[in-house]
Amino acid sequence: MVAIYPGSFDPVTNGHLDIIKRSSKKFDKIIVTVLNNPSKKPMFTVQERIELLKEVTKDFGNVEIDCFSGLLVDYAKSKNVSIIIKGLRAVADFEYEFQMALLNSSLNKDLETFFLMTSNKYLFLSSSLVKEVAQFDGDISSLVPKIVEKAIFEKIRGV
Ligand code: PNS
């Protein structure tokens with residue numbers, strides 16, 4: 001079975017990687033797909049986010065990286081996939097994720113959202129917090145893969 005793991009991935013963190021790793025063991029294939037949302041002001045372009053994701057997942061044989069715009073249900077349909085993977089952190093994520101899962105299944109009844117509980121050590125982690133810590137030159141080495149850490153600091157320093 002194939003599942004889609006959608007997100008902004010601006011950029012991918014160790015928390016995302018944990019979800020990718022664990023779900024790739026349970027499904028035949030995982031399509032990690034980056035939302036192209038022109039109304040947001042991301043740190044990384046979609047292409048850069050894709051490159052980082054490709055690099056950090058290169059050892060997984062069954063993970064494909066892609067991007068999409070528009071509705072997730074339409075993207076899932078175009079890929080002929082009916083399972084969405086989401087990572088759930090604390091209680092705060094639940095309400096929004098529950099709302100999205102219900103909305104998506106009301107738009108396409110065949111679509112199911114599978115939630116994976118985020119591992120303990122990544123419960124607090126988010127791309128925005130990582131970027132904030134990095135802005136103030138904090139240590140993000142345990143929060144993101146090495147190449148992502150390098151890419152974030154290059155962006156901040158305007159390299
Ligand atoms: O990493 P994020 O920002 O929490 O990911 C959110 C994402 C991309 C999964 C969600 O915003 C999404 O699916 N957007 C596509 C537009 C859509 O389908 N909206 C209606 C259902 S929420």
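**Entry 1: helix α6**

I looked up the buried residues of α6 and found Val 148, Glu 149, Ala 151, Ile 152 and Phe 153, where buried means under 20% relative accessible area, exposed means over 50%, and partly exposed lies in between, with a 1.4 Å probe and protein chains only. The model is a predicted one, in which local features need pLDDT of at least 70 and side-chain atom pairs count only at pLDDT 80 or more, while totals for chains, interfaces and linings use all residues. Residues are numbered from 1 along each chain as its sequence is written, and side-chain values use heavy atoms, with hydrogens and water left out.

Helices (H or I, at least four residues) and strands (E, at least two) are DSSP runs numbered from the N terminus. I noted that the cover over the buried residues of α6 includes α2 and α5 (127–135), with contact taken as heavy atoms within 4.5 Å. For the length of α6, I found twelve residues reaching 17 Å from first C-alpha to last, close to the 16 Å expected at 1.5 Å a residue; the expected span is 1.5 Å times one less than the number of residues. Just after α6, I noted a positive phi of about 70 degrees at Gly 158.

I also looked up Glu 154, which is in helix α6 and counts as partly exposed at 30% relative accessibility. Glu 154 and Lys 77 are 77 residues apart in sequence, and I read 37 Å between them in space, C-alpha to C-alpha.

**Entry 2: α2 against α6**

How do the axes of α2 and α6 cross? I found that the axes of α2 (residues 46–56) and α6 (residues 146–157) come within 10 Å and cross at roughly 155 degrees, the axes being lines fitted to C-alpha atoms, for helices over the stretch in contact, and the angles running from 0 to 180 degrees between N-to-C directions. The two helices are therefore roughly antiparallel to each other, given that angles over 145 degrees count as roughly antiparallel, under 35 as roughly parallel, 65 to 115 as roughly perpendicular and the rest as oblique.

On the α2 side I listed Glu 48, Leu 52, Glu 55 and Val 56, which meet Ile 147, Val 148, Ala 151 and Lys 155 in α6. By class, this contact of α2 with α6 has five nonpolar, no polar and three charged residues, where Ala, Val, Leu, Ile, Met, Phe, Trp, Tyr, Cys and Pro count as nonpolar, Asp, Glu, Lys and Arg as charged, and the others, Gly among them, as polar.

I then checked burial in α2 and found Val 46, Arg 49, Ile 50, Leu 52, Leu 53 and Val 56 buried. Seen down the axis of α2, these buried residues fall within an arc of 165 degrees, so they line one face of the helix; the arc is that of the directions from the helix axis to the C-beta atoms. The buried residues of α2 pack against α1 (14–24), β2 (29–35), β3 (63–68) and α6.

I turned to α4 (residues 91–107), whose 17 residues should span 24 Å at 1.5 Å a residue, and its end C-alpha atoms are 25 Å apart, which agrees. Asp 93, Glu 97, Ala 101 and Asn 104 are buried in α4, and the buried residues of this helix pack against α3, β4 (83–88) and β5 (112–117).

Asp 74 is in helix α3 (residues 72–78) and is partly exposed, with a relative accessible area of 47%. I read 9.8 Å between the C-alpha atoms of Asp 74 and Asn 104, which are 30 residues apart along the chain.

**Entry 3: loops and Asn 14**

In the loop between β1 (2–7) and α1 I found Pro 11, joined to Asp 10 by a cis peptide bond with omega about 0 degrees. Phe 9 lies in the loop between β1 and α1, has a phi near 45 degrees, a positive value in a residue other than glycine, and is buried, with a relative accessible area of 2%.

Asn 14, found in helix α1, is buried at a relative accessible area of 14%. Leaving aside neighbours within four places in sequence, I listed contacts of Asn 14 with Tyr 122, Leu 125, Ser 142, Leu 143, Val 144 and Pro 145.

Is Asp 137 buried or exposed? Asp 137, in the loop between α5 and α6, is exposed, with a relative accessible area of 55%, and its phi is near 65 degrees.
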